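Open the model in a viewer that can select by residue number and draw distances. The stops below say what to select and what to find there.

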Amino acid sequence: MTMKKTMPDPRLASRETRATRNVLRRLERLAQAGESAAQTSLGDCYWDGHGVPVDWTEAVSWYQRAAVAGDAEAQFRLAIACWDGSGI
């Protein structure tokens with residue numbers, strides 16, 4: 001049995017890219033407004049490179065803001081970054 005190789009639909013990739021940009025814009029707006037969950041999520045995006053280039057320093061910056069606001073998840077992620085020296 002031969003499997004037919006298909007090319008990905010470029011329209012689908014374009015929609016996914018557009019959707020990712022929209023989500024990132026919303027996250028950034030909420031994060032700038034002080035929403036700690038959005039700050040942590042934006043930090044995750046920078047940490048893992050979801051929709052943005054990997055930037056551990058930027059990720060740690062967002063984790064710090066959320067951690068100061070009392071976000072436990074951000075405090076944990078910040079502790080991990082300090083432990084292994086990433087972005088610090």
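Select Arg77 and Asp44 and show their side chains: they meet in a salt bridge, N to O at 2.6 Å. A salt bridge here is a side-chain nitrogen of Lys or Arg within 4 Å of a carboxyl oxygen of Asp or Glu. The pair links distant parts of the chain, with Arg77 in helix 4 and Asp44 in helix 2, 33 residues apart. Helices (H or I, at least four residues) and strands (E, at least two) are DSSP runs, numbered from the N terminus.

This is a predicted model, in which local features need pLDDT of at least 70 and side-chain atom pairs count only at pLDDT 80 or more, while totals for chains, interfaces and linings use all residues. Residues are numbered from 1 along each chain as its sequence is written, and side-chain values use heavy atoms, with hydrogens and water left out.

Arg77 and Glu73 lie 4 residues apart in helix 4, so about one helical turn separates them.

Buried means under 20% relative accessible area, exposed over 50% and partly exposed in between (1.4 Å probe, protein chains only). Asp44 counts as buried because its relative accessibility is 19%. Arg77, at 25%, is partly exposed, and so is Glu73 at 39%.

Next, select helix 3 (56–68). Its 13 residues should span 18 Å at 1.5 Å a residue, and its end C-alpha atoms are 18 Å apart, which agrees; the expected span is 1.5 Å times one less than the number of residues.

Which residues of helix 3 are buried? They are Ala59, Val60, Trp62, Tyr63, Ala66 and Ala67. These cover an arc of only 165° around the axis and therefore sit on the same side of helix 3; the arc is that of the directions from the helix axis to the C-beta atoms. On the other side of helix 3, Thr57 and Val68 are exposed.

Move to the ends of the helix. At the start of helix 3, a side-chain oxygen of Asp55 comes to within 3.2 Å of the backbone nitrogen of Thr57. Gly70 follows helix 3 and has a positive phi, near 100°.

Now select Leu42, Tyr46 and Trp47, the residues with the most contacts inside the largest nonpolar core, which has 18 residues. Such a core is a set of buried Ala, Val, Leu, Ile, Met, Phe, Trp, Tyr and Cys residues joined through side-chain atoms within 4.5 Å. Helices 1, 2, 3 and 4 each give two or more residues to this core, and helix 3 provides the largest share, 6 residues.

Stay on Trp47 and show what surrounds the residue. Leaving aside neighbours within four places in sequence, Trp47 is in contact (heavy atoms within 4.5 Å) with Val54, Trp56, Ala59, Val60, Tyr63, Ala81 and Ser86.

Finally, zoom out to the whole chain. The protein has 4 helices and 0 strands, and buried residues make up 30% of its 88 residues.

Conventions
Polar contact = N/O pair within 3.5 Å; in protein donor to acceptor, adjacent residues only side chain to side chain.
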